[in-house]
Amino acid sequence: MLPWLGIAFMIGLGELLTRTETISSRHFPPPSDMFAALADEVVTAEFWTAVGNTMQGWALGLAIACAIAIPVGIVIGSSGLLYRSVRAVIEFLRPIPSVALIPLAVLIWGSGLESKVFLAAFAATWPLLMQTLYGVQDVDPVATDTARSFGFSRLPRLLYVTLPSAVPYIATGVRISAAVALILAVTAELVIGSPGLGREINIARQSEAVDIMYALIAVTGLLGWGVNIVFAQIERRVLHWHPSQRVEVAR
């Protein structure tokens, strides 16, 4: 109950501060007004269309990132020579902020779904790629040498030794990338006007509907929270055999 008590306390504190005008209700409306605005929004088709557009861009961006980062990370991480050859390129591209590519995306694809998917995929690729690289390179050399001594070729060693060792890293990378992809999907909607919750937040801001704006911001936070919970549950089920998950269950 402690997390829920913490949430209730923060909502109550926000209500008190705004009702007493300690914080200007013009810029930060009382939470009760936000909840009322959200209740009005969730019964409209436009709200769910916006949620669907946001989640569509998020899902496509994350799927593309997984399709690129996991196989590329496994191939590069499995070869020391290849890793040393492309490491400089990765270290150059990885720190580039995805928002810096917004002008390029708009120039090529306009302000539609394609730009949003590109930005989400670009941002989500790097955490997953690095986690995959770390996972492949963290394989116990004794296990690899043992498999080689038993006559396992490269493919069986990859399937039975490398992948089981790298899966926990990959699962963590997917969970991190899922949150990053959602952030960039909403950012693209805010900045370039792609259909979705971000554009609806911007419209509410421009029309000075502050209560609706904050309600939609809260929705994006709830979506991120839900995405993290879903992927954490999937990770727990897939990695039920892993010591880290057994320790978590024991706690």
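Reply: Helices here are DSSP runs of H or I with at least four residues, strands are runs of E with at least two, and both are numbered from the N terminus. The model is predicted, so local features need pLDDT of at least 70 and side-chain atom pairs count only at pLDDT 80 or more, while totals for chains, interfaces and linings use all residues. Residues are numbered from 1 along each chain as its sequence is written, and side-chain values use heavy atoms, with hydrogens and water left out.

Start with helix H8, residues 154-192. The expected span of a helix is 1.5 Å times one less than its number of residues. After H8 comes Gly 193, which has a positive phi, near 80°.

A nonpolar core is a set of buried Ala, Val, Leu, Ile, Met, Phe, Trp, Tyr and Cys residues joined through side-chain atoms within 4.5 Å; buried means under 20% relative accessible area, exposed over 50%, and partly exposed in between, with a 1.4 Å probe and protein chains only. The largest such core has 49 residues, and Trp 58 and Leu 197 have the most contacts inside it. The helices that supply at least two residues each include H3 (45-77), H8 and H10 (210-238). H6 gives the most, with 11 residues.

Now look at Trp 58. With contact meaning heavy atoms within 4.5 Å, and leaving out residues up to four places away in sequence, Trp 58 touches Ala 178, Ala 181, Leu 182, Ala 185, Val 227 and Phe 231. Trp 58 counts as buried because its relative accessibility is 12%.

Rings of Phe, Tyr and Trp (its six-membered ring) pair if their centres lie within 6.5 Å; planes under 30 degrees apart count as stacked, over 60 as edge-to-face and the rest as tilted. That rule gives seven aromatic pairs. In one of them, Phe 47 and Trp 48 have ring centres 4.9 Å apart and planes at 80°, so they are edge-to-face. Trp 58 and Phe 231 are also an edge-to-face pair, 6.3 Å centre to centre with 80° between the planes. This pair joins helix H3 to helix H10 across 173 residues. Phe 231 is buried, at 18%.
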